[in-house]
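Have a look at the structure first.

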Amino acid sequence: MPAPRPWKLSEVSYGHVKQSQYEVAVLPLGATEPHNLHLPYGTDDYEGTQIGEKICEAAHAQGAKVILLPTVPYGTETNMREFPLAMNLDPSTLYAVVTDLIASLVQSGIKKVVLLNSHGGNEMKPLLRELYGKTEAQVFLCNWFKAFTNEEYFSIFKHMEDHAGEMETSMILAYRPELVAKRPDGSLDADSGATRPMQFEALEKGWVSITRPWHLLTTNSGSGHPHEASAEKGEQLMQLLVNRLAPFLVQLSDAKLDDAFPFILDDPS
């Protein structure tokens, strides 16, 4: 049996924790929702957990005093309410849950918190604004699906991702392949991921936005072409994320909290 990973809270004992000093806590935020016909309801949960594990493992190996918390498996699903078992937390409820968890971290002496968000419906930036000045914690938000440039994205993938498309399918093929539904010929048991156009150019171009009702937008909840996904592409994306985010965790762990944090103090000379 593998040994407990010292940077993963769910695997270590109180005996280990009380002798350890942590500077940074990483809290992945997932969701439970349909992802086309072929991906599991826990796709966002699995992605957040796997990415959290990989970046914390790399950061720990470089000396970071980091602890990975269990992934919150539920998120905001108000626009998927017509799909069965899309398990919703209203934004105000999700904010209350995360606020309480941050308070628990502060109580434990951890004042650097990274929210590793794995679900587009979890709009967390308003919570950071609300918490500013009200908590001792310095709270950072990483939407991992935005942690790369378009050029980097298209060096790996052919089709733009929205939901259960090429990127997400590649991630699950790489790290939870047994959960991907396939047809007898080995192809994905998925539709094309096509979406229904809207009446107004302003909505199509993004000049004006709405909360998209996914039962009208999509056929089977998938938005994005999944059929050219591969495990290799998922592994390439993971390496990009590790290279980008693990050094940040190391730097954050080493950083001292002061009145100007996270800005650089002016040189008095």
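**Reading the sheet and its helices**

Q: What is the order of the strands in the open sheet?
A: Strands of a sheet pair through backbone hydrogen bonds, either parallel or antiparallel. Here four strands make an open sheet in the order β2-β1-β3-β4, with parallel pairing. Strands (E, at least two residues) and helices (H or I, at least four) are DSSP runs, numbered from the N terminus. Two strands pair if DSSP finds at least two bridges between them. One thing to keep in mind: this is a predicted model, where local features need pLDDT of at least 70 and side-chain atom pairs count only at pLDDT 80 or more, while totals for chains, interfaces and linings use all residues. Residues are numbered from 1 along each chain as its sequence is written, and side-chain values use heavy atoms, leaving out hydrogens and water.

Q: Which strands stand at the edges?
A: β2 (66–68) and β4 do, each with a single partner strand, so one side of each has no neighbour in the sheet. On average, neighbouring strands of this sheet are turned by 20 degrees against each other, direction ignored. Angles run from 0 to 180 degrees between N-to-C directions, and axes are lines fitted to C-alpha atoms, for helices over the stretch in contact.

Q: How many bridges join β1 to β2, and how many pair β3 with β4?
A: Strand β1 (residues 24–29) is joined to β2 by three bridges, and the two run parallel. Val24 has Val66 as its bridge partner in β2. Strand β3 (residues 112–117) pairs with strand β4 (residues 138–143) over six bridges, also in the parallel sense. Asn117 is partnered by Asn143 in β4. To get from β3 to β4, the chain passes through helix α4 (residues 125–131), and this β-α-β crossover is right-handed (with the strands pointing away from the viewer, the path from the first strand over the helix to the second runs clockwise).

Q: Which strands does α2 lie across, and which does α3 lie across?
A: α2 lies across β1, β2 and β3, at about 160 degrees to β2. Helix α3 (residues 91–107) lies across β1, β3 and β4, at about 160 degrees to β1. Contact means heavy atoms within 4.5 Å.

Q: At what angle do α2 and α9 pack?
A: Start with the naming: under 35 degrees is roughly parallel, over 145 roughly antiparallel, 65 to 115 roughly perpendicular and the rest oblique. Helix α2 (residues 43–61) and helix α9 (residues 231–254) pack at about 55 degrees, with axes 8 Å apart. They are therefore oblique to each other. Residues that meet include Ile51 and Ile55 in α2, and Leu241 and Leu245 in α9. The contact residues divide into 12 nonpolar, one polar and one charged (Ala, Val, Leu, Ile, Met, Phe, Trp, Tyr, Cys and Pro count as nonpolar, Asp, Glu, Lys and Arg as charged, and the others, Gly among them, as polar).

Q: And what about α6 and α9?
A: Helix α6 (residues 166–175) packs with α9 at about 95 degrees, their axes 7 Å apart. That makes them roughly perpendicular, therefore.

Q: Where is the cis peptide bond, and which residue has a positive phi?
A: Most residues other than glycine have a negative phi, and most peptide bonds are trans. In this model, the bond from Phe261 to Pro262 is cis, with omega near 5 degrees. Pro262 sits in the segment after α9. Leu85 has a positive phi, near 60 degrees, and is found in the loop between β2 and α3.
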